[in-house]
Amino acid sequence: MNPKRKQRLIIVLFIVFGVGAAVGLTMFALSQNINLFYSPTQIENGEAPQETRIRAGGMVVEGSVKRDPNSLNVTFDLTDYEGTITVHYDGILPDLFREGQGIVAQGDLDANNHLQASEVLAKHDENYMPPEVAEALEKSGKMPKPEGEVFNK
C-alpha cells in the first residue's frame, strides 16, 4: 500500500473512532440526566421504572402531610384523583407547599412504589400549574377550577 494512502487511512480511522467515542459519551451523559415525568396513576400501574430518577406531579392530598418533629423528614400523598402515591422528602419544603396544591417531586421509586424525593417544586402563584401536572389532571377529568375564575356566558 502506498505510504500516503496508509497515512490517510490512519487519519480517517482516528476521526471515525474519535467521533464514535464522543457520541457514545454524550449518549451516556444524556441517559444519566434524563428526567421523565409520570403521573401517580402511571406509577401505581407500574409504568415508572424503579431506582431511576423520575419526576412525578399532582395534587397534595388534604390531611396527608406528616412531619417528623425531630428532623426535616416529610411524608405526604400525591394524587391525580385516579391514583395516589406516597412521597418521602428529607429537606426544607418550598414556602408555597401546602395541602391541596399542585407540586412536582423529583426522585427515585423504591421497592414499595414510594417516591424518595430529592427535590420538591411548588407552583409559584394561584393560577399556575406545571404543564405535566395540568395534563395528567385533564386526562383524569379532575382538573380543579382556579379560584375566582369568571366564566363568560
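What is the volume of the second largest pocket? In this predicted model, whose residues are numbered from 1 along each chain as its sequence is written, the second largest pocket has a volume of about 220 Å³. Local features need pLDDT of at least 70 and side-chain atom pairs count only at pLDDT 80 or more, whereas totals for chains, interfaces and linings use all residues, and side-chain values use heavy atoms, with hydrogens and water left out.

**The pocket**

Among the 11 residues that line the second largest pocket, Ser39, Gln42, Glu135, Ala136 and Lys139 are the closest to its centre. A pocket is here an open set of points on a 1 Å grid over the protein atoms alone, where a 1.4 Å probe fits, with protein on both sides within 12 Å along at least five of seven lines, and lining residues have an atom within 4 Å of a point. Grid points are joined across faces, edges and corners, and the volume is the space filled by probe spheres set on the points. Helices α2 (40-44) and α3 (131-140) each supply at least two lining residues, and the largest share, 5 residues, comes from α3. By class, the lining has 2 nonpolar, 4 polar and 5 charged residues, where Ala, Val, Leu, Ile, Met, Phe, Trp, Tyr, Cys and Pro count as nonpolar, Asp, Glu, Lys and Arg as charged, and the others, Gly among them, as polar.

**Fold and burial**

The protein has 3 helices and 7 strands, in the order α-β-α-β-β-β-β-β-β-α from the N terminus on; these are DSSP runs (helices H or I, at least four residues; strands E, at least two). Of its 153 residues, 31% count as buried, with buried meaning under 20% relative accessible area, exposed over 50% and partly exposed in between (1.4 Å probe, protein chains only). Ile15, found in helix α1 (residues 3-33), is exposed, with a relative accessible area of 51%.

Most residues other than glycine have a negative phi.
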